[in-house]
Amino acid sequence: MKGALSWPFLRLYALVLLYFSANAILNVVIPLKGDSLGATNTTIGIIMGAYLFTTMFFRPWAGYIIHKFGPVKVLRVILLINAAALILYTFTGLGGYFTARILQGVCTAFFSMSLQIAIIDALPEENRSQGISLYSLCSYIPGIIGPLLAIGIWQADNASYFTILMVALAILTGIVGYGSTMNTHNEVKKSPPPLGMKESFSQLFKNPYLFKCSVIMLVSSMVFGAVTTFIPLYAEQLENSHAGMYLMIQAATVVAARFTLMKKIPSDGKWHSLYMAGTLLMLALAAQSISFAVVGGAFFFYAAAILMGIAQAIIYPTLTTYLSFVLPATNRNVLLGLFIATADLGVSLGSVVMGPVADALSYSVMYMVCAGLGALMILFSYDKRKQFVN
């Protein structure tokens, strides 16, 4: 095999699987552990949200540092910090979890950009999209098994199992990562980015395409974040409902939808209002189904996992593809980086903002609020202005 399926790249995909496996487990264990220690939903939301909030903050600087030193050197340092963060979970309480989430957030900002830049630099143009697609899929696959494994560890009520798993993932990720060095001819780039950071951030509001896509991505990611953080706790209040099963179904749906719907995503540079409205309708219905599960039962709970997975599989690549056509070529990469940062921020806000809502009202009402936000985005997505449709 050659190209995106050659041995060096298979090792990179294995590294992605290992790296995101830890997070798939921690997304379930941390809320359960926090709840057992008497933490409020607000506190749990802040701890969970610290991860992607930190990722969002460091992502622009990650791009600059990788631009200066090259992805391989940066990746090796990040793997050491990631190992320290995973081990920190094994012997600390909530304060240590918060610190570890921040460290993981820094690592993910650099890790994801290092891997994607390394893939882009090393693959010929005709294979780059395949390499990035495989990278994306491998980052989702741990979400299929990880939640079930986390629930099993939690129910076993043996802290040594969690410790052994975190240490093993830290060591294996480091070994595979250090062995995945690739020699790229343009690894270190000396030219500065085309826009300064201040000018880049201003484009979030000045560029109408970036603004619309970023708002939709931000709000959609808030719903995704609320599901990831609070489903493990909400499921305990429902009959015949299992959080690990829900998260597994949702992740499996994302992976399956990415394969089956890949050719259905618009790639013509036009804004398809009905297409986006239909996708956002699935998001709103999924959140409302989760909310109604407290009355309607497990059918609505698991149906929501399928709807949420399809929406999650479509929204990000659709918006990213559209922006790749309409953003100015000279600043495209910088502005796409800001767009990705809004997705990080949204997931973080889904934990931080929705935690107090759940404390003040209930999980069911909180997910009803998420459904309302999705419904607002259906209206926001409608746009027939000439500059969008052409």
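Trainee: Which residues of helix 15 are buried?

Mentor: This is a predicted model. In helix 15, the buried residues are Tyr 363, Ser 364, Met 366, Tyr 367, Cys 370, Ala 371, Gly 374, Met 377 and Ser 381.

Trainee: Where do the buried residues of helix 15 lie when seen down its axis?

Mentor: Start with the general idea. Residues three or four places apart point the same way, because an α-helix has 3.6 residues a turn. Now the case here. Down the axis of helix 15, the buried residues fall within an arc of 160°, so they line one face of the helix.

Trainee: Which exposed residues does the face turned away from the buried side carry?

Mentor: On that face of helix 15 are the exposed residues Leu 376 and Leu 379.

Trainee: How many residues does helix 15 have, and what does it reach from its first C-alpha to its last?

Mentor: Helix 15 covers residues 363-381, which is 19 residues, and it reaches 27 Å. That is close to the 27 Å expected at 1.5 Å a residue.

Trainee: How far apart are the end C-alpha atoms of helix 9?

Mentor: They are 38 Å apart. Helix 9 has 27 residues (208-234) and should span 39 Å at 1.5 Å a residue, so the two values agree.

Trainee: Where in helix 9 does a kink lie?

Mentor: The kink, of about 35°, lies at Thr 228, shortly before the proline Pro 232. At the start of helix 9, a side-chain oxygen of Asn 207 comes to within 3.0 Å of the backbone nitrogen of Tyr 209.

Trainee: How many of the residues of helix 9 are buried?

Mentor: The count is 22 of the 27, so helix 9 is largely enclosed by the rest of the structure. Take Thr 229, which is in helix 9. Its relative accessibility is 2%, and buried means under 20%, so Thr 229 counts as buried.

Trainee: Which residues is Thr 229 in contact with, leaving aside its neighbours within four places in sequence?

Mentor: Thr 229 is in contact with Pro 31, Ile 44, Gly 45, Met 48 and Ser 351. Met 282, in helix 11 (residues 273-296), can be read in this way too. Leaving aside neighbours within four places, Met 282 is in contact with Leu 307, Ile 310, Ala 311 and Ile 314.

Trainee: How are aromatic pairs described?

Mentor: A pair of aromatic rings is described by the distance of the centres and the angle of the planes. In this structure the count comes to 16 aromatic pairs. The rings of Tyr 246 and Phe 301 have centres 5.0 Å apart and planes at 40°, so the pair is tilted. Tyr 246 lies in helix 10 and Phe 301 in helix 12, so the pair ties together parts that are 55 residues apart in sequence. Both Tyr 246 and Phe 301 are buried.

Trainee: What are the distance and the angle for Tyr 316 and Phe 339?

Mentor: Their ring centres are 6.0 Å apart and their planes are at 20°, so the pair is stacked. Tyr 316 in helix 12 and Phe 339 in helix 13 are 23 residues apart. Tyr 316 is partly exposed at 27% relative accessible area, whereas Phe 339 is buried at 0%.

Trainee: Which residues form one aromatic cluster?

Mentor: Phe 230, Tyr 234, Tyr 363 and Tyr 367 do.

Trainee: How many helices and strands does the chain have?

Mentor: It has 16 helices and zero strands. Of its 390 residues, 51% are buried.

Conventions: Residues numbered from 1 in each chain as written. Predicted model: local features only at pLDDT ≥ 70, side-chain atom pairs only at ≥ 80, totals over all residues. Heavy atoms only, no water. Helix = DSSP H or I, 4+ residues; strand = E, 2+ residues; numbered from the N terminus. Expected span 1.5 Å × (residues − 1). Bend = angle between axes of the 7 residues up to and from the residue. Buried < 20%, exposed > 50% of the residue type's maximum accessible area, 1.4 Å probe, protein only. Polar contact = N/O pair within 3.5 Å; in protein donor to acceptor, adjacent residues only side chain to side chain. Contact = heavy atoms within 4.5 Å. Arc of directions from axis to C-beta. Phe/Tyr/Trp six-rings, centres within 6.5 Å; stacked < 30°, edge-to-face > 60°.
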